[in-house]
Amino acid sequence: MKNETKKHRFRAVAVAALALTLCCGLLAGCSSNGSSQAGSDSSATKQASGDFQSNIMFCGSTSLYPIISSLASSYTDEYVKWNKVDSSFPEKNISIYVAPGGSGVGVSALEEGTCDFGMVARTLKDSEKEALGDYKEYEVAKDALTVSVNAENPLVSTMDDMSTDTIRKIFAGEITTWDQVDASLPAEQIQVYIRDLSGGAYEVFQKSVMGDSKVTDSATQSASMTELATNIANNKWAIGYAGFGAYNKANANGQKLVAMKVDGVEATEDNIISGDYKIQRPVMFVGVGEPSSSEQAFIDYIFSDAGIKVIRSNGYIPSFTA
């Protein structure tokens, strides 16, 4: 079982190294003035076990990234120094760093001890639970994967529902042109868009829809849900599994994507909460051992009205009430 001693053993790991080896150079941090940083010395140096922890590091899911990043910015803008959060805390600058890279990256970084919290947009695997040991999950939001097509695709005027098997065949490359989906459609090539293989969405879709079938090698991988939704919006003949949050944001200023019902069930908030819409996942972060006092203070902020507002603004369904 890993514990707090294990967690703090790696406090001197450089964030620049984390960015290079785990986050592919995508490290972004929220400093006390809310600006983005990369490879900052202040984020690299963590206090030894037993000292106050003024720096907090999140790494992983690109779906959770904008939520935690936004909350980190507003938190540091509001308080600036830890003693303004709690008078018993020292007068040290608040430094909360948030690095995207995918759910798998988040879990790996947490296992290695190179972050304080791993951001994950899927359930943990049994092997990950065993490796993490004394872990705790903090579910922030519920998300679903919408099977979305471009709003200009003539398919939207002929059908609004797809069976799981039809979706599987499209993503497996067994159905390759739109006329094979509906005979009234042109024989245009279906352009399949997916998340990259490190993303939690890829694993959720594989488990919920694909089963033993492999996604076609011709599918275009996207580095984030925002990119995936944008790719569908920019291609009339596209289909992809855009996250519920990304889908809502893409359509905020006009219908760009249209989500198909899956086996007759629409991806609505009520159907996601009830579990009737089956292609869904938790959006959460995971820590090892008990959180430090500063970590707990920021966690409390995440699970407050401020957190609900940011979660809603990103198109997700909060998993809690403040």
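This is a walk through one predicted model, stop by stop, with something to select at each.

**Before you click**

Residue numbers start from 1 along each chain as its sequence is written, and side-chain values use heavy atoms, with hydrogens and water left out. Because the model is predicted, local features need pLDDT of at least 70 and side-chain atom pairs count only at pLDDT 80 or more, while totals for chains, interfaces and linings use all residues.

**The whole chain**

Start by colouring everything by pLDDT, the predictor's confidence in each residue, from 0 to 100. The protein averages 87, and 84% of the residues score at least 70. Now select residues 1-49: here the pLDDT is below 50, yet beyond near neighbours in sequence the stretch has 110 contacts in the model (contact means heavy atoms within 4.5 Å). Where pLDDT is low, the predicted coordinates should not be read in detail.

Switch to cartoon and you have 14 helices and 12 strands. These are DSSP runs numbered from the N terminus: helices are H or I with at least four residues, strands are E with at least two. Of the 322 residues in the protein, 54% are buried. Buried means under 20% relative accessible area, exposed means over 50%, and partly exposed is in between (1.4 Å probe, protein chains only). Among contacts between residues at least 6 apart in sequence, 73% join residues at least 24 apart.

Select 103-112, helix α6. Ser 103, Val 105, Gly 106, Val 107, Ala 109 and Leu 110 are its buried residues. Glu 112 also belongs to α6, but this residue is partly exposed because its relative accessible area is 47%. Draw a distance from the C-alpha of Glu 112 to that of Leu 132: the two are 20 residues apart along the chain and separated by 9.4 Å. Just after α6 comes Gly 113, with a positive phi of about 85°.

Next, go to α9, residues 200-210. How many of its 11 residues are buried? The count is 8, so the helix is mostly covered. Show side chains for Tyr 202, Phe 205, Gln 206 and Met 210, which are among the buried ones. Gly 211 follows α9, and its phi is positive, near 60°.

Most residues other than glycine have a negative phi.

- Val 80 has a positive phi near 65°. Look for it in the loop between α4 (65-79) and α5 (82-85). Its relative accessibility is 34%, so Val 80 counts as partly exposed.
- Asp 263 has a positive phi of about 55°. Its loop runs between β10 (257-262) and α12 (269-274), and a relative accessible area of 42% makes Asp 263 partly exposed.

**The pockets**

On a 1 Å grid over the protein atoms alone, a pocket is an open set of points where a 1.4 Å probe fits, with protein on both sides within 12 Å along at least five of seven lines; lining residues have an atom within 4 Å of a point. Grid points are joined across faces, edges and corners, and a volume is the space filled by probe spheres set on the points.

The largest pocket has a volume of about 330 Å³. Select Thr 62, Ser 224, Met 225, Thr 226 and Glu 227, the closest to its centre of the 20 lining residues. Elements giving two or more residues to this lining are α4, α10 (225-233) and α11 (244-250), and α10 has the largest share, with 6. By class, the lining has 11 nonpolar, 7 polar and 2 charged residues. Here Ala, Val, Leu, Ile, Met, Phe, Trp, Tyr, Cys and Pro count as nonpolar, Asp, Glu, Lys and Arg as charged, and the others, Gly among them, as polar.

The second largest pocket holds about 230 Å³ of space. Its lining residues include Arg 122, Lys 125, Glu 203, Lys 207, Lys 278 and Arg 281. Both α9 and β11 (280-288) give two or more residues; the largest share, 4 residues, comes from α9. The lining divides into 3 nonpolar, 3 polar and 6 charged.

**Last stop: a cysteine pair**

The disulfide count comes to 0. Cys 59 is buried, at 0% relative accessibility, and so is Cys 115, at 4%.

Key:
A disulfide is a pair of cysteine sulfur atoms within 2.5 Å.
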